Amino acid sequence: MEPRFNLFTNEVATKFGKRFANASLVISASSLPKTTQELVALRASQINGCAFCVDMHTKEATAAGESPARLNLVATWREAGGFTEAERAALALAEEGTRLADAHTGVSDETWARVREHYDDDQIAALVSLVALVNAANRMNVIVRNPAGSYEPGMMAEMLS
């Protein structure tokens, strides 16, 4: 697949991308576990059909020590073992927060209550911000048909230097 537009070479897109990536540093520096961050980003990207972000988050999760077995099961986490109750709450929030158009109520009270059981306020702020940020990134990449496969772990961090 050929991209419609290169977000990494256009001056305006590059400026925006750096600011966008800087916002992600707040989430990365939070106490929300890195593995949870990558699982949530991967699941939202799967739902949105963003191949670039699925590639990126799979590789970043692997580089952070996540097992291939768990990564292979993210799309079916409800039926799969190997995920903690906290991760399940975060994945449910990611799904419901990504599929807003599918449910007029958005995130259910049940899912929100499970998130509150497992995460403190700072982690919840990071989790909500992450769901919003990854959905925005997915939309940008899907719109321009940014191809997958060439991402190397750490590439986004390099963009900030």
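**Cores, helices and cysteines**

A: The largest nonpolar core has 23 residues, and those with the most contacts inside it are Leu32, Val40, Cys53, Val115, Tyr119 and Leu127. A nonpolar core is here a set of buried Ala, Val, Leu, Ile, Met, Phe, Trp, Tyr and Cys residues joined through side-chain atoms within 4.5 Å, where buried means under 20% relative accessible area, exposed over 50%, and partly exposed in between, with a 1.4 Å probe and protein chains only. This is a predicted model, in which local features need pLDDT of at least 70 and side-chain atom pairs count only at pLDDT 80 or more, while totals for chains, interfaces and linings use all residues. Residues are numbered from 1 along each chain as its sequence is written, and side-chain values use heavy atoms, with hydrogens and water left out.

Q: Which elements give two or more residues to this core?
A: Helices (H or I, at least four residues) and strands (E, at least two) are DSSP runs, numbered from the N terminus. Here the elements are helix 1 (11-28), helix 3 (51-63), helix 5 (85-98) and helix 7 (121-144), and helix 7 gives the most, with seven residues. A second, separate core of 10 residues includes Leu39, Val74, Ala80 and Leu91.

Q: What does Gln123 contact, leaving aside its neighbours within four places in sequence?
A: Contact means heavy atoms within 4.5 Å. On that basis Gln123 is in contact with Ser31, Leu32, Pro33 and His118, once neighbours within four places in sequence are left aside; Gln123 lies in helix 7 and is buried, with a relative accessible area of 13%.

Q: How many residues of helix 5 are buried, and what span should helix 5 have?
A: The expected span of a helix is 1.5 Å times one less than its number of residues. For the 14 residues of helix 5 this should come to 20 Å, and the end C-alpha atoms are 20 Å apart, which agrees. Helix 5 is mostly covered, since 13 of its 14 residues are buried.
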